[in-house]
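Hi,

Here is the structure I promised to pass on. Have a look at it first, and then read my notes below.

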Amino acid sequence: MAKKHKINLSEDELISALRRHEKVAAEALYDMYSASLYGVIFRIVNDTTTAEDVLQEVFVKIWNSAGSYSADKGRLFTWMLNIARNLAIDKIRSKDFKNQFKNQELENNVGYIDLHNSTVYKPELLGVKDLVETLRPEQKSILDLIYFKGYTHTEAAEELGIPLGTIKTRLRTAILQLRKHFN
Amino acid sequence: MEDIKAYIESGVLELYVLGDLSAEERADVEAMALKYPEVKAELQDIEQAAQLYADVHDIETGDDLRNRVLNSLMTNLGDDRNFTKGHYGQPETPVHSITGQATPTTSVFYKYAFAASLLLLCLCGGALAIVSKRLQSANQQLVTYQLQNQKFSKQVKYMDQEISVFRDPSFQFIKLKGNTSSNSLTVAWSPKRKKVMVDMTSAALPATDKNHQYQLWAIANGKPVDLGMIDATKADSADMMEMKPAEQAQAFAVTLEPKGGSAKPTTPPLVIASL
């Protein structure tokens, strides 16, 4: 798999280039974040064509509203992640999408994707897979419901039949577990 | 400090990063992050972890999608020259969203449907105009025929009457004649029925002016009795015109009188006949 060299910029450089609508910013933005955002979008919408459409909408929105992003409010990725999740969730809740996929079950595909994905060698992620494996199933299911299925924590509590407080605690411990990677 | 720790441990920051808070709650978290460095640091760690989780689950996209997305960004900018040359070998891929494809077809359908309905409406209007015109003329014809019918039935009535005069043996026909001229008038009289009729078809009297009319008299016991005006111009006047009843008469005479008639004859009789 001969990948083209990818453009990487620091977050600050990227943001200021984005605001100037430079071509290099668009390329860097795509190369740095498309795979992660696409992974999230795909897991929410569960359909390649739709996921590609949503990814495009996400980048258009990021591109056009880069001026409204402020570093005070957090990482660029968090901002983009929320744009991506919102557009993806809007899409699966839209009438068109519901008609298109009336009979498809959304539940059983997360594992399937995991088996067929991320064959690219990424040194920075070395060991993270193992770390994710160490998440307890009940932690991972909550994280996946909220992260990849567009559930609110209230909906997740209903789905799993556990109290709201427990949902929040488990979500926190799951993320604490992931944070060990940086310590 | 305990409060901050409890705030951090409540899990609200995780929900913030995952976009699972209302606008108010978000603003609240942002205010807390500005106020307390611990909260800000915690948020940053959570964001990093969230990004890590996405990185672990990332899916590489193909070059086609990359070109498509980048083209759409550049096209949005209003200048796509940058992206149609160089190492992006593929021509610009047209972008269709799922919803975007559905709308044009439906709008085209509605456009045609609208045009078709308009056309139909015009046709209906035209047809209605023609039909109403025909109805109008049919109604006019109907009125004409009704009038004709009335006229005919009146005529038939008069003719019946006329025939009955001829059939009735009690009627006698008296021909009134002028002294010199060819003036003449036939009167049918039934003493039994006291009926007097004037035969208008055989009447030969000079035309009168506007102010004069012919008046029919019966001479009974030497005295003239008014039997009415002979009005040739009266509408629907049939061949036989019924006059005032007369029981006795030795003679009949017609004089020219001022319009409306006189109580007694004022001119010498034009035509006369004695029984």
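**What I found**

Chain B has seven helices and eight strands, where helices (H or I, at least four residues) and strands (E, at least two) are DSSP runs numbered from the N terminus. Before you go further: this is a predicted model, in which local features need pLDDT of at least 70 and side-chain atom pairs count only at pLDDT 80 or more, while totals for chains, interfaces and linings use all residues. Residues are numbered from 1 along each chain as its sequence is written, chains are lettered from A and ligands numbered from 1 in the order in which they are written, and side-chain values use heavy atoms, with hydrogens and water left out.

**Chain B overall**

Of the 275 residues in chain B, 33% are buried. Buried here means under 20% relative accessible area, exposed means over 50%, and partly exposed is in between (1.4 Å probe, protein chains only). If you take the contacts in chain B with a separation of 6 or more, 51% come from residues 24 or more positions apart; a contact means heavy atoms within 4.5 Å.

**Strands in chain B**

Strands β2 (residues 184-190) and β3 (residues 195-204) of chain B pair in the antiparallel sense over six bridges. The pairing criterion is that DSSP finds at least two bridges between two strands. B:W189 sits opposite B:V196 in β3(B). The hairpin of β2(B) and β3(B) has four residues between the strands, and B:K194 takes a positive phi near 60° there.

β3(B) also pairs with strand β6 (residues 240-242) of chain B, again in the antiparallel sense, over three bridges. Here B:M197 is opposite B:E242 in β6(B).

Further along, B:A263 lies in the loop between β7 (251-258) and β8 (271-274) of chain B. B:A263 is exposed, at 71% relative accessible area.

Two packed helices are described by the angle between their axes and the distance between the axes. The axes are lines fitted to C-alpha atoms, for helices over the stretch in contact, and the angles run from 0 to 180 degrees between N-to-C directions.

Helix α3 (residues 48-65) and helix α4 (residues 76-93) of chain A pack at about 135°, with axes 9 Å apart. That makes α3(A) oblique to α4(A); angles under 35 degrees count as roughly parallel, over 145 as roughly antiparallel, 65 to 115 as roughly perpendicular and the rest as oblique. On the α3(A) side the contact includes A:V54, A:V58 and A:I62, and on the α4(A) side A:W79, A:I83 and A:L87 are among the residues involved. By class, this contact has nine nonpolar, two polar and three charged residues. For the classes, Ala, Val, Leu, Ile, Met, Phe, Trp, Tyr, Cys and Pro count as nonpolar, Asp, Glu, Lys and Arg as charged, and the others, Gly among them, as polar.

Helix α8 (residues 137-148) of chain A packs on α10(A) at an angle of about 100°, with the axes 9 Å apart, and the two are therefore roughly perpendicular to each other. Among the contributors are A:I142, A:L143 and A:I146 of α8(A), and A:L171, A:I175 and A:L178 of α10(A). The contact has eight nonpolar, two polar and two charged residues.

**Where the chains meet**

Helix α10 (residues 164-179) of chain A also packs with helix α4 (residues 37-56) of chain B, at about 80° and with axes 9 Å apart. That makes α10(A) roughly perpendicular to α4(B). A:R172, A:I175, A:L178 and A:R179 of α10(A) meet B:E42, B:D45, B:I46, B:A49, B:L52 and B:Y53 of α4(B). This contact has six nonpolar, no polar and four charged residues.

A:S36, in helix α2 of chain A, is buried at 4% relative accessible area. Leaving aside neighbours within four places in sequence, A:S36 is in contact with A:F77, B:A54, B:D55 and B:D58.

**Two positive phi angles**

A:H21 is not a glycine, yet has a positive phi of about 55°. A:H21 is in the loop between α1 (11-19) and α2 (23-45) of chain A and is partly exposed, at 23% relative accessibility. A:N46, also not a glycine, has a positive phi of about 65°. A:N46 lies in the loop between α2 and α3 of chain A and is buried, at 12% relative accessibility.

Best wishes
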